[in-house]
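Dear colleague,

Please find the structure below for your records. My findings follow it.

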Amino acid sequence: TFQVPARKEQCFYEDVQAEHEIEMDFQVVDGGDLDIDFQAFDTKLKRIAVNRRESYGSHTFTVKESGVYKFCFSNKFSKLTSKTVFMDVYLDDGVYTEDKAQEAAAEGASLHAGFTSLHKQVDNIKSQLFKTQVQLQLSKAQRNKDQKIQNSNKIRVDRWSMVQCVFMILMATVQVYLLKQLFKEDKTAKRQARI
């Protein structure tokens, strides 16, 4: 979780090996309209993903060449408010390849079939656990965002209720005063009536 000040851009860099997979999720949890610009660039600074004024986003990239990948969050369109962004980047160690299978085959043909099956199952479980963890983190970020909105709305309702109460008391006071004035006898009119 980090802050992106108004009229600023913040970038993160990740060194990734070829044949690996990057899973990247972000969510704006506080600030303004809860929106931000996002861009991802490959090693040659070619744009590979874009989100314009989005609250959240999720991207998965398969890395074709090793190098540094760049992820940028821009709040340049906002003139006053900074944004708090939750970001999670997961680097998978690559999909199961034939190279790994050939390494297993070198150790023995009987181990090859067992290793291949076991490795695929472990990779699948690892991937599912990661996705579950990401969903839990996104859910937590969403809950925090909703709680901030709820607190803000509560403050607005409380202030408006106070204004309404003051207005009602003021109106009651004015009405009582007017009623007293209506039934108040005029002393000068009484004197003239006696004469």
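Lys 83 counts as buried, at 1% relative accessibility (buried means under 20% relative accessible area, exposed over 50%, and partly exposed in between, with a 1.4 Å probe and protein chains only). Salt bridges that share partners join Lys 83, Asp 35 and Arg 53 into one network; a salt bridge is a side-chain nitrogen of Lys or Arg within 4 Å of a carboxyl oxygen of Asp or Glu.

This is a predicted model, in which local features need pLDDT of at least 70 and side-chain atom pairs count only at pLDDT 80 or more, while totals for chains, interfaces and linings use all residues. Residues are numbered from 1 along each chain as its sequence is written, and side-chain values use heavy atoms, with hydrogens and water left out.

Asp 35 is buried, with a relative accessible area of 8%, whereas Arg 53 is partly exposed at 48%.

The structure holds five salt bridges. Another of them pairs Asp 30 with Lys 148, with 3.6 Å between the closest N and O atoms. Asp 30 is partly exposed at 31% relative accessibility, and Lys 148 is partly exposed at 40%.

As for the chain, buried residues make up 31% of its 195 residues.

Yours sincerely
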